Amino acid sequence: QVQLVESGGGLVQAGGSLRLSCAASGRTLSSYAINWFRQAPGKERNFVAGIRSSDGRTYYGDSVKGRFTISRDNAKNTVFLQMNSLKSEDTALYYCAASLARLPTMTAPELYSYWGQGTQVTVSS
């Protein structure tokens, strides 16, 4: 089993940047597919970014492509989400999640058994 803890959220002005961290314990994250999801009030939980366990290939939701970057530091057993050019619509509770599944697409929240507690990102305009 793996335990996940997100950190790095906060209040930032539109156009600013934040770096979120997802620290793991219990297992090495290199064995898992890791996704970031976000959920704003009144909206569904949506895929933001992911990194594949086998080769570290990265994937991004359309709304964040070119602005967000997911990365993994295996030595620190931590996954990061660098968020640049933030917009008010990026405001949400951000979660990291881990899965041992290996499917052609891994963007559905129901595929993920292990979740962090979430970290709040608020972008003011």
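The model is predicted, with local features needing pLDDT of at least 70 and side-chain atom pairs counting only at pLDDT 80 or more, whereas totals for chains, interfaces and linings use all residues. Residues are numbered from 1 along each chain as its sequence is written, and side-chain values use heavy atoms, leaving out hydrogens and water.

**View 1. The open sheet of four strands.** The strand order is β1-β3-β8-β7, with antiparallel pairing. β1 and β7 (68-73) stand at the edges with a single partner strand each, so one side of each lacks a neighbour in the sheet. From one strand to the next, the twist averages 15°. Strands are DSSP runs (E, at least two residues) numbered from the N terminus, and two of them pair if DSSP finds at least two bridges between them. In β8, L81 stands opposite I70.

**View 2. Strand β1 and its partner.** Strand β1 (residues 3-7) is joined to strand β3 (residues 18-25) by five bridges, and the two run antiparallel. The bridge partner of E6 in β3 is C22. L4 and E6 form the covered face of β1, while Q3, V5 and S7 form the uncovered one.

View 3. N35 lies in strand β4 (residues 33-39). N35 counts as buried because its relative accessibility is 3% (buried means under 20% relative accessible area, with a 1.4 Å probe and protein chains only). Its side chain makes a polar contact with the side chain of Y112 at 2.7 Å (a pair of N or O atoms within 3.5 Å; within protein, one must be able to donate a hydrogen and the other to accept it, and residues adjacent in sequence count only if both atoms are side-chain atoms).

Methods
Buried means under 20% relative accessible area, exposed over 50%, partly exposed in between (1.4 Å probe, protein chains only). Axes are lines fitted to C-alpha atoms, for helices over the stretch in contact, and angles run from 0 to 180 degrees between N-to-C directions.
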